[in-house]
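Me: Could you walk me through this structure with a few questions and answers?

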Amino acid sequence: MRWGILGTGGVAYAMADALAQVDGAHVVAVGSRAPVRARHFSSHHSVRHWYGTYEELVADADVDVVYVA
């Protein structure tokens, strides 16, 4: 299951850490209203795609499920 995370606060970091422990779960995208935060989150969690808007993440065809943090 390919996950996208909307938001880059503490709960988003905790969710990404938790998903890293789940077999078959992969965080593939992160979205934030602040592009610099999305880029930092992406780098910290080795997430392939980061977006500066929520709409861009939701439109990503590589995302199966979106977690709203």
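This is a predicted model: local features need pLDDT of at least 70, side-chain atom pairs count only at pLDDT 80 or more; totals for chains, interfaces and linings use all residues.

Me: Is the crossing of helix 1 and helix 2 left-handed or right-handed?
Reply: Two packed helices are described by the angle between their axes and the distance between the axes. The crossing also has a handedness, and for helix 1 and helix 2 it is right-handed.

Me: Which residues of helix 2 make the contact with helix 1?
Reply: From helix 1, the contact uses A12, Y13, A16 and D17. Counting both helices, its residues divide into 4 nonpolar, 3 polar and 1 charged. On the helix 2 side, the residues are H40, F41, H44 and H45.

Me: What kind of aromatic pair do Y13 and F41 form?
Reply: A search of the whole structure finds 1 aromatic pair. The ring centres of Y13 and F41 are 4.6 Å apart. Their planes stand at 65°, and planes over 60 degrees apart count as edge-to-face. So the pair is edge-to-face.

Me: How many residues apart in sequence are the parts that this pair ties together?
Reply: Y13 lies in helix 1, while F41 lies in helix 2. The pair therefore ties together parts whose separation in sequence is 28 residues.

Me: What is the order of the strands in the open sheet?
Reply: The sheet has 4 strands, with parallel pairing. Strand 3 (49–51) and strand 4 (65–68) are the edge strands, since each pairs on one side only. The order is 3-2-1-4.

Me: Which residue of strand 3 stands opposite G31?
Reply: Strand 2 (residues 26–31) and strand 3 run parallel and are joined by 3 bridges. Opposite G31 stands Y51.

Me: Which strands does helix 2 touch?
Reply: Helix 2 (residues 35–45) packs on the sheet, and its direction makes about 160° with that of strand 3. The strands touched by helix 2 are strand 1, strand 2 and strand 3.

Methods
Residues are numbered from 1 along each chain as its sequence is written. Side-chain values use heavy atoms; hydrogens and water are left out. Two strands pair if DSSP finds at least two bridges between them. Helices (H or I, at least four residues) and strands (E, at least two) are DSSP runs, numbered from the N terminus. Contact means heavy atoms within 4.5 Å. Axes are lines fitted to C-alpha atoms, for helices over the stretch in contact, and angles run from 0 to 180 degrees between N-to-C directions. A crossing is left-handed if the near helix is turned anticlockwise from the far one by less than a right angle, and right-handed if clockwise. Ala, Val, Leu, Ile, Met, Phe, Trp, Tyr, Cys and Pro count as nonpolar, Asp, Glu, Lys and Arg as charged, and the others, Gly among them, as polar. Rings of Phe, Tyr and Trp (its six-membered ring) pair if their centres lie within 6.5 Å; planes under 30 degrees apart count as stacked, over 60 as edge-to-face and the rest as tilted.
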